[in-house]
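Subject: Structure for your review

Dear colleague,

Please find below the structure that I would like to hand over to you. My notes on it follow directly after.

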Amino acid sequence: MVRPSFGLPRSRKILKADAYASALRMRTCGQTAHFALHFCAHRPHVVQIRTITEPWAKIGLVVPKKLAKHAIRRNTVKRLTREYFRLHSASLADGLWVVRLKTKVNHLPLTASLKRDWSQQLTDLFAQGVVFAEQFKSRSISSASVNEPAS
């Protein structure tokens, strides 16, 4: 019996440091209590020697040990985020999507209710990101305001 693969293909992950840097240079396009979302749109008309974006959505995760001391917490955040992205990547705009943990979660008990809360926050976060990407695509957000450094 062949088991279905539920993993995220390598082509859907951000692997290069310069791609992370490009996405994190953009301002946050969504925030919740624990997470921030950065988005760098795919620009097919820009000709560069090295292209960092492909014509599909890619995910990157920033979960620092300083904010989530135990590996089980970091891995839980990453697992939940990758699963959300795997299920909903078809509805996301092409480009780089970076989810960043922004608050300490060391003191929170790792329970099923916390995981449900984080899943709901990720849903809200990506909903904000989709709205941002649509506004960006329709050029209602000026490119000068997009290139502002993240706070």
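The notes below cover the helices, the nonpolar cores, the aromatic pairs and a few single residues.

This is a predicted model, in which local features need pLDDT of at least 70 and side-chain atom pairs count only at pLDDT 80 or more, while totals for chains, interfaces and linings use all residues. Residues are numbered from 1 along each chain as its sequence is written, and side-chain values use heavy atoms, with hydrogens and water left out.

Helices

Helices (H or I, at least four residues) and strands (E, at least two) are DSSP runs, numbered from the N terminus. Helix α2, residues 71-88, has 18 residues and reaches 26 Å from its first C-alpha to its last. That is close to the 26 Å expected at 1.5 Å a residue, the expected span being 1.5 Å times one less than the number of residues.

Buried means under 20% relative accessible area, exposed over 50% and partly exposed in between, with a 1.4 Å probe and protein chains only. By this rule Arg-73, Arg-74, Thr-76, Val-77, Thr-81, Tyr-84 and Phe-85 are buried in α2. Seen down the axis of α2, these buried residues fall within an arc of 165°, so they line one face of the helix; the arc is that of the directions from the helix axis to the C-beta atoms. The face turned away from the buried side of α2 carries the exposed residues Ile-72, Arg-79 and Leu-87. In terms of contact (heavy atoms within 4.5 Å), the buried residues of α2 pack against β2 (35-41), β3 (57-62), β4 (95-101) and α3 (112-137).

In helix α1, residues 17-25, the buried residues are Ala-19, Ser-22 and Ala-23. They cover an arc of only 95° around the axis, which puts them on the same side of α1. Exposed Ala-17 and Arg-25 are carried by the face of α1 turned away from its buried side. Elements covering the buried residues of α1 include β2 and β4.

Nonpolar cores

A nonpolar core is a set of buried Ala, Val, Leu, Ile, Met, Phe, Trp, Tyr and Cys residues joined through side-chain atoms within 4.5 Å. The largest has 29 residues, of which Phe-35, Ile-59, Trp-97, Val-99 and Phe-126 touch the most other members. Two or more residues of this core come from each of β2, β3, α2, β4 and α3. The most come from α3, with 8 residues. A second, separate core has 7 residues, including Ile-14, Met-26, Leu-96 and Val-98.

Leaving aside residues up to four places away in sequence, Ile-59 touches Leu-8, Arg-12, Lys-13, Ile-14, Thr-81, Phe-85, Trp-97, Val-99 and Phe-126.

Aromatic pairs

Rings of Phe, Tyr and Trp (its six-membered ring) pair if their centres lie within 6.5 Å; planes under 30 degrees apart count as stacked, over 60 as edge-to-face and the rest as tilted. The count by this rule comes to 4 aromatic pairs. In one of them, Phe-35 and Trp-118 have ring centres 6.5 Å apart and planes at 75°, so the pair is edge-to-face. This pair links distant parts of the chain, with Phe-35 in strand β2 and Trp-118 in helix α3, 83 residues apart. Both Phe-35 and Trp-118 are buried.

The rings of Trp-97 and Phe-126 have centres 6.0 Å apart and planes at 45°, so this pair is tilted. Trp-97 lies in strand β4 and Phe-126 in helix α3, so the pair ties together parts 29 residues apart in sequence. Trp-97 is buried at 0% relative accessibility, and Phe-126 at 1%. Ring pairs also link Phe-39, Tyr-84, Trp-97 and Phe-126 into a cluster.

Single residues

Tyr-84 lies in helix α2 and is buried, with a relative accessible area of 15%. Tyr-84 and Leu-122 are 38 residues apart in sequence and 7.5 Å apart in space, C-alpha to C-alpha. Beyond four places in sequence, Tyr-84 touches Leu-122, Thr-123 and Phe-126.

His-38 has its place in strand β2 and is buried, with a relative accessible area of 1%. Between His-38 and Gly-129 there are 8.0 Å in space, C-alpha to C-alpha, although they are 91 residues apart in sequence.

Thr-32 sits in the loop between β1 (28-31) and β2 and counts as buried at 11% relative accessibility.

With kind regards
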